Amino acid sequence: MEKAFKGIAASEGIAIGPAIIYQRPILEIFEKKIKEEERPAEIERLKQAVSQAKVQLEEIKEKSKKEVGLKEAEIFSAHLMLLDDPLILPVALHKISQKKISAEQAWQEVIEEAAALFEQIEDEYIRARVVDLKDVGERVLRNLQGKREEVLSELPEPSIILAADLTPSDTAQMIFSKVLGLATEQGGRTSHTAIIARALELPTVVGLGDIISEASNGLTLIVDGYEGLVILDPTPATRRKYQEKKEVYLAEKRKLAELRDLPAQTQDGFRLELAVNIGNPKDAQQARAYHPDGVGLFRTEFLYLDRNCLPEEEEQFQTYKEVAEIFSPKPIVIRTLDIGGDKDIPCLDLPKELNPFLGWRAIRIGLDRPEILKTQLRAILRASPFAQIKLMFPMISTIDEVRKAKALVEEVKKELLHQKVPFEKKVEIGIMIEVPSAALAADILAKEVDFFSIGTNDLIQYTFSADRGNQRVSYLYQPFHPATLRLIKMTVEAAHAHGKWVGMCGEMAGEILATPLLVGLGIDELSMTATSLLRVKQVVRKLSLADCQKLVREVFRLTETSQIEARIKDFLKEKEKSSHSKTFARGSRF
Ligand code: PEP
Ligand code: MG
């Protein structure tokens, strides 16, 4: 009989199909004392199981890199790090010796103790580590018991996976072409399942509570990733309703696809560039499908993370060249290394700081360690003949930093000239505006550079003094607060007063609610996650610059974020209505 369950919408879309219930086998650990002479063998068994887990994780990591993405594959680096944690394996080995218990029991105890410790901390990041800890813990236990990993790869037909929760190891094994959607009892919008689902555009609902006990394999399921609903055993009428909803969704997707080759231009002819943010060459390939006007932000950190040494110039050059060739002749803004803050690089042995986001980060490291920055600059300049490459420095706070960074570029250019290495002489140099001091002094900085790109993620974090990764203060992430809007306006006006172009590459650039304001302010470029690009373009094409400018004037008279958001929502609704009536009028005329 039909039954609906409400959960959390984690990834949009509608899926209809048979359920496959995935339950990880419960590993039973019996308490058992071991004899004195058995201890070395137990210790060896545990060491073996951990080594085996490392090999498995390396394989899964490689597979994830290819099939899902680099960021998702990094989860397995975290698992590998847990296996090397001095508070895990050494403690378990010690327990075997001290308490004379089996390898399984010792390992289980250590994992449970560590998880209990993490669970007490109300921090989303630490909580996510609990899932990783349990996942890696089960892997070692399975190895100890010689059990094969239950894999989700052998689905008989395209199905919807129903599970209590999905660990990174579970999803890494899935053959995604056979998965129609996901529904899980646990998890929130930032859980692993949700992140993977959005990366793969799979309709998904998480946090459904007790649903598996009422389902069975093969039973028809509907997953509504918009409303956060899952319907078990729908009636034919419900099925029809959702089939229609699915078709509307697919039609919308097709309609958006038709915009790919049209310009992001308002009704009265104001044209802006819509570019993409990428983090590696694989992103670049995927982003190309949306026909962007270029790359507005190439985050280069991936080259430095997850490895024991710094990347050589040649490796970097090959990567930049690869991306350049994917997008040529369109422009690509390559941002120099932005590490520190929340991004650590093991081989640099960065000091632990009390306030890492306010500390030795990004350009500050680059200027203190010029050999690292110069290697990157050489690689970027060498790639410049292959496309329209622009250079961008992150986290600029003062004019001095800009001048020092530019001096390094000059040094590198001289070296290359001297060595007769070809490069493009007129590479544009820009900076990110993501520190309030830079926005407030944008008129001074504008004279020094060719362009600005506003990084709202950090600009908002620093304006409100609210750590961008801390859930407790996430209410202070306010793109529509008058303070944020004033800083953006100052930056745009300062750039234009000096004849420079200005873009935005923080998350705000991909938010539809921000589009009319940014158009009204006259921004030249918006760079965003590729999957947001066509929706933003659709909105731009319904707007007029004159109306958006009027909206900006109105909004700047308002004092509260909620009023501002409400006013823009109304504005967009009016636009939507008038664009429908125009379509209708055209339709009725012909
Ligand atoms: C930003 O801060 O808005 C930005 C685009 O940079 P990142 O998110 O990489 O810090
Ligand atoms: Mg930033």
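**The ligand 1 site**

In this predicted model, an oxygen atom of ligand 1 lies 2.7 Å from an N or O atom in the side chain of arginine 299. Glutamate 434 also takes part. An N or O atom of its side chain is 3.0 Å from an oxygen atom of ligand 1. Threonine 456 contributes through its backbone: one of its polar backbone atoms is 3.1 Å from an oxygen atom of the ligand. On its own, ligand 1 has 290 Å² of accessible area, and the protein covers 98% of that.

The shell around ligand 1 holds 14 residues. Arg299, Arg335, Gly455, Asn457 and Arg468 are the closest. Two elements, β10 (295-299) and α16, each supply at least two residues of this shell. Helix α16 gives the most, with three residues.

Glutamate 434 sits in the loop between β13 (428-433) and α14 (436-440), while aspartate 458 belongs to helix α16 (residues 456-463), so the pair ties together parts that are 24 residues apart in sequence. Glutamate 434 has a relative accessibility of 2% and counts as buried, because the cut-off is under 20%. Aspartate 458 is also buried, at 2%.

**The nonpolar packing**

Next comes the core. In soluble globular proteins, nonpolar side chains tend to be buried together. Here the largest nonpolar core has 106 residues. Within it, Phe393, Phe452 and Leu526 touch the most other members. Helix α12 (residues 370-383) provides the largest share of this core, seven residues. Beyond four places in sequence, its contacts are Ile431, Ile433, Ala442, Leu445, Ala446, Thr491, Ala495, Trp501, Val502 and Gly503. A separate core has 33 residues, including Phe76, Ala92, Ile111 and Leu144.

Take valine 555 first. Valine 555 lies in helix α20 (residues 545-555). Its relative accessibility is 1%, so valine 555 counts as buried. Setting aside neighbours within four places in sequence, valine 555 is in contact with Leu485, Leu517, Ile564, Arg567 and Ile568. Of these partners, consider leucine 517. Leucine 517 and valine 555 are 38 residues apart along the chain, and their C-alpha atoms are 8.6 Å apart.

Now aspartate 224. Aspartate 224 is found in strand β7 (residues 220-224). Aspartate 224 is buried, with a relative accessible area of 0%. Its side chain has polar partners. A polar contact of 2.8 Å links it to the side chain of lysine 245. The backbone nitrogen of glutamate 227 lies 3.1 Å from a polar atom of the aspartate 224 side chain. Leaving out residues up to four places away in sequence, aspartate 224 touches Gly13, Ile14, Val205, Leu229, Tyr242 and Lys245.

**Back to the site**

Helix α16 holds aspartate 458 and gives the most residues to the shell around ligand 1.

Conventions:
Residues are numbered from 1 along each chain as its sequence is written. Chains are lettered from A and ligands numbered from 1 in the order in which they are written. This is a predicted model: local features need pLDDT of at least 70, side-chain atom pairs count only at pLDDT 80 or more; totals for chains, interfaces and linings use all residues. Side-chain values use heavy atoms; hydrogens and water are left out. A nonpolar core is a set of buried Ala, Val, Leu, Ile, Met, Phe, Trp, Tyr and Cys residues joined through side-chain atoms within 4.5 Å. Buried means under 20% relative accessible area, exposed over 50%, partly exposed in between (1.4 Å probe, protein chains only). Helices (H or I, at least four residues) and strands (E, at least two) are DSSP runs, numbered from the N terminus. Contact means heavy atoms within 4.5 Å. A residue is near a molecule or strand if one of its heavy atoms lies within 4 Å of it. A polar contact is a pair of N or O atoms within 3.5 Å; within protein, one must be able to donate a hydrogen and the other to accept it, and residues adjacent in sequence count only if both atoms are side-chain atoms. Accessible areas come from the Shrake-Rupley method with a 1.4 Å probe; for residues, only the protein chains shown count as cover.
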